[in-house]
Amino acid sequence: MTAIARIDTATAVLPLPAPLQLGAMTVTRREYSAVRVVDADGVEGVAYCLSREAPMAEIVERLVAPHARGADADDPASAWERMLRGSAIVGRVGLVRRAIGLVDIALWDIAARRAGQPLWRMLGTGSAPSDAMLVAAYPSPSRTPREVADEVLSQAAGWSTVKISRTPDPSYMRELIALITAELPVETGLVVDVGFGWTDADAALAEIAQWGDPRLAWLEDPLLPEDAAGCARIRRESGLAIGVGDEVTDPDVLRRLVDEQAVDVLRLDVVAIGGVTPALDVIAWAAERGVPVSGHVYPEVTAHLGIGVETFARGVNPYDPAPSFVRGGPSFDGRVVPADAPGLGFTLDSGVFDFGGSAR
């Protein structure tokens with residue numbers, strides 16, 4: 001057995017050129033946490049996540065890393081169980097689950113690198129192109145619906161879906177949705193992300209009624225994901241397809257959304273749910289019930305899982321700087337193809353994440 005020898009953490013804060021409004025949240029910067037895991041042979045695995053302003057690096061260092069060190073580098077699933085059990089008194093869901101997910105992803109990176117295979121081959125998920133959703137625009141009062149629509153439409157060709165966020169002005173949304181859907185390529189669907197912005201189904205249905213007759217691929221996160229009954233009611237009474245699951249850390253919440261017929265698309269955040277190890281179980285469970293799964297951000301990882309992938313514009317974009325510090329990873333041409341290099345197939349820019357020198 002080759003043991004996991006070292007786990008390093010780093011944090012980076014990158015400002016946004018303009019604030020973003022998503023539901024009740026105003027985002028002015030993106031903070032990321034990253035881990036570098038090293039085994040006794042010097043093989044490295046990496047992972048990163050949006051910290052959401054939580055002390056992710058400290059949680060990894062204090063509550064998770066002690067249980068991952070010494071684990072078998074070729075058996076990430078066993079390491080995941082050690083991390084879960086070791087932190088169970090304060091964890092299981094929430095921030096600790098996210099920290100476990102961050103380390104778990106890096107452990108799978110190591111295991112696949114040690115096997116000399118891309119992770120998709122090791123998992124048997126294949127490298128066929130998957131549907132990809134482009135996060136295309138965040139509306140704001142400073143821009144007209146026409147300006148936002150033009151931004152979306154200029155990027156839309158070839159993508160399976162494009163996504164915009166909701167702004168709480170119903171007349172603005174009515175005009176914006178109409179402009180986009182009138183000119184959107186026939187092969188591309190539109191998603192509206194509410195960001196848990198409505199308090200209940202009554203508020204959601206009243207506002208949706210003011211949008212006219214929106215043609216959407218799905219309406220995303222209308223309510224908090226724990227309100228499965230409310231999401232089911234919105235789905236039933238609005239006639240819109242619903243996608244829910246972003247940021248969920250408890251697999252039982254995802255299962256309840258499916259069991260209560262609250263979703264048409266199950267959204268899955270691979271970090272929040274605890275990493276690749278539990279994500280594979282959720283994906284298999286959803287497949288048995290005929291419910292498609294769409295990954296929430298982290299396309300470098302989700303591209304290996306055989307599910308739909310979400311991405312921001314590659315390179316420099318005003319909404320999420322992550323593509324600017326990822327080296328390698330999947331390729332995009334409207335759809336996504338996972339990297340063919342061993343492991344996850346990407347590294348992180350050392351100028352952004354300082355892990356404190358050589359891992360060796």
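In which hand does H5 cross H6, right or left? H5 passes H6 in a right-handed crossing, the label for a near helix turned clockwise from the far one by less than a right angle, with anticlockwise making a left-handed one. Before going further, a word on the source: this is a predicted model, where local features need pLDDT of at least 70 and side-chain atom pairs count only at pLDDT 80 or more, while totals for chains, interfaces and linings use all residues. Residues are numbered from 1 along each chain as its sequence is written, and side-chain values use heavy atoms, with hydrogens and water left out.

Back to the helix pair. Helices (H or I, at least four residues) and strands (E, at least two) are DSSP runs, counted off from the N terminus. H5 covers residues 145-155 and H6 residues 170-183; they pack at about 35 degrees, with axes 9 Å apart. Axes here are lines fitted to C-alpha atoms, for helices over the stretch in contact, and angles between N-to-C directions run from 0 to 180 degrees. On the H5 side, the residues that meet H6 are Pro145, Arg146, Val148, Ala149, Val152 and Leu153, contact being heavy atoms within 4.5 Å. Across from them in H6 sit Tyr172, Glu175, Leu176, Leu179, Ile180 and Glu183. Sorted by class, that makes nine nonpolar, no polar and three charged residues; Ala, Val, Leu, Ile, Met, Phe, Trp, Tyr, Cys and Pro count as nonpolar, Asp, Glu, Lys and Arg as charged, and the others, including Gly, as polar.

Asp169 is partly exposed at 36% relative accessible area; buried means under 20%, exposed over 50%, and partly exposed in between (1.4 Å probe, protein chains only).

Now for the sheet. It is open, with three strands in the order S1-S2-S3 and antiparallel pairing, where a pair needs at least two DSSP bridges. S1 (4-22) and S3 stand at the edges with a single partner strand each, so one side of each has no neighbour in the sheet. From one strand to the next, the twist averages 15 degrees. S1 and S2 are joined by 14 bridges, and Leu20 has Val27 in S2 as its bridge partner. S2 (residues 25-39) and S3 (residues 44-50) share seven bridges, with Tyr32 partnered by Leu50 in S3. These two strands form a hairpin with four residues between them, and Gly42 in the turn has a positive phi of about 90 degrees. S3 is mostly covered, with six of its seven residues buried.

H1 (residues 56-68) runs across S1, S2 and S3 at about 155 degrees to S1. H3 also touches S1, S2 and S3, and its direction makes about 150 degrees with that of S3.

Leaving aside residues up to four places away in sequence, Val103 touches Ile7, Val35, Val37, Val60, Val64, Ala68 and Met83.
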